Amino acid sequence: MVRGGTYALTKRTVFRKAFLAPWDPLVMQTWLYVLAGAQQRTGVSIHHTMLNVTHQHTSVTTHDEANLPRFTEYAHREMSKALNVLLAARRYEAPSQLFDDRQTHQMRLLDAPACMSHILYERLNGVAAGLVDRPEHMPGCRFDFALWRGEPLVIKRPPIYFSSRTCEAERELHFEVDPLTFLEFGGDLNAVIHHFRRVERVAVQSFRRARKFPVLGVKKLRRIHPYNEPRTNRELGRSVIPTFKVGARGVTGRLARIRACQEVVAFRNAHANARAARCKGEIALFPAGTYKMRLEHDVQVADPEPDAVVTAPGVTLDEASEALATRLPAQATTPEQVADAFAKEASEILVEDRVSFRNIDTLDSSVEVDIQPLPQSRRESYAARVVILRDHRRGRRSTKGREPPG
């Protein structure tokens, strides 16, 4: 994690439960209020955020080396506590742990096409998942690209968990365009907003043409039980987790990806060697980009290489504005590339991201079990899916014969 880097953050709920679904209007309001608090405490620039039933997507740019871990720690801790209180207040069983044990996925976005495509992917995640037809139809969604002009979202304090003695009655959540896209468009913010909206419309139309199944719709989306989970199988533990994204295509993009992969491998090898040397009591120099060891153990960290890509310091929006003051703006070709990519990959994205649920209409039921056996050839890689819908409502239906397996 480096200063000024632009990152895509993802965090999933425990057991892929639908705790982040709009089963209550306060879910999204709480998330935005928590994000505003995290932004106030760390100064991280937020470009976009979206809740998609079982996980959250947020794109940010750091301003110094220490604020991104503090940002994610505060946001996920406070969201977990607040939703536990909300679940109990709505007479559901509180899970105690809202998010899973895996670290927050932080993927470095290395160029303007990567930033544009990923922010649009976050924006259209609910559309690709088959939840709604348009991104603004997601319940509680208040984001608009025009917010990049500087007008903040004013989020009222949710009436649960947050104390009036220690928490503000209102918090302002500021969104900014990412600095790499800002540079790509020569600082023309109106052009940035126009092209994002245009690519969004093209992508929505591409998804609509490629979709072979009806969308879930807002009404059913609101009735997803917080303890439900998607019918799709869990991810394989041995799957590759990307640490960076290059959006450029052709020879330029291919060479950039090769250079980034080589740098990541070299970083991991150098980090392992430095740890081994330190365990032997020798003086160890850790590679550039080392964060936790430097923060917790005060180890020595090398400077980035002159040709570094992944571990190279990025730029902030203020630095991008200063750089544009001394150079002529370049013509941006990124929007056409991103639009073409969404159009060509629409079918694949729909298949990969589709989310479907059972028992959506049983929101008031006390216990529902849905076990889906897997094909014999896949049982070694996946666990059977068990959905238990719990709440504390009085007069609940008898659960005899429907107890979950021990």
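Q: What does the side chain of T49 make a polar contact with?
A: The side chain of T58, at 3.0 Å. A polar contact here is a pair of N or O atoms within 3.5 Å; within protein, one must be able to donate a hydrogen and the other to accept it, and residues adjacent in sequence count only if both atoms are side-chain atoms.

Q: What sort of model is this, and what was counted?
A: It is a predicted model, in which local features need pLDDT of at least 70 and side-chain atom pairs count only at pLDDT 80 or more, while totals for chains, interfaces and linings use all residues. Residues are numbered from 1 along each chain as its sequence is written, and side-chain values use heavy atoms, with hydrogens and water left out.

Q: Back to T49. Which backbone oxygen does its side chain reach?
A: That of H57, at 3.3 Å.

Q: Is T49 buried or exposed?
A: T49 is buried, because its relative accessible area is 7%. The classes are buried under 20% relative accessible area, exposed over 50%, and partly exposed in between, with a 1.4 Å probe and protein chains only.

Q: What does T49 touch?
A: Leaving out residues up to four places away in sequence, T49 touches W31, L32, L35, Q56, H57, T58 and F175. Contact means heavy atoms within 4.5 Å.

Q: Which strand is T49 in?
A: T49 lies in strand β2. Strands (E, at least two residues) and helices (H or I, at least four) are DSSP runs, numbered from the N terminus.

Q: And what is the strand order in the sheet?
A: The sheet is open, with 5 strands in the order β2-β3-β1-β4-β7 and mixed pairing. Its edge strands are β2 (45–51) and β7 (244–245), each pairing on one side only. Two strands pair if DSSP finds at least two bridges between them.

Q: In what sense do β2 and β3 pair, parallel or antiparallel?
A: Antiparallel, over 6 bridges, with β3 covering residues 55–61. The bridge partner of S45 in β3 is T61.

Q: Which helix packs on the sheet there?
A: Helix α1 (residues 26–42), which touches β2 and β3. The direction of α1 makes about 160° with that of β2. Axes are lines fitted to C-alpha atoms, for helices over the stretch in contact, and angles run from 0 to 180 degrees between N-to-C directions.

Q: How many residues of α1 are buried?
A: 14 of its 17 residues, so α1 is mostly covered.

Q: What span should α1 have?
A: At 1.5 Å a residue, its 17 residues should span 24 Å, and the end C-alpha atoms are 24 Å apart, which agrees. The expected span is 1.5 Å times one less than the number of residues. Helix α2 (residues 67–89) has 23 residues and reaches 33 Å from its first C-alpha to its last, close to the 33 Å expected.

Q: Changing topic: where is A260, and what does it touch?
A: A260 is in helix α8 (residues 250–279). Not counting residues up to four places away in sequence, A260 touches L110, F244 and V310. A260 counts as buried, at 0% relative accessibility. Its C-alpha is 6.0 Å from that of V309, 49 residues apart along the chain.

Q: What about V192, buried or exposed?
A: V192 is buried, at 0% relative accessibility, and is found in helix α6 (residues 189–210). Leaving aside neighbours within four places in sequence, V192 is in contact with W148, V177, T181 and F185.

Q: How many disulfides turn up?
A: A search of the whole structure finds 0. The criterion is a pair of cysteine sulfur atoms within 2.5 Å. C167 counts as buried, at 15% relative accessibility, whereas C279 is exposed, at 70%.

Q: How many helices and strands does the protein chain have?
A: It has 11 helices and 11 strands. Buried residues make up 50% of its 406 residues.
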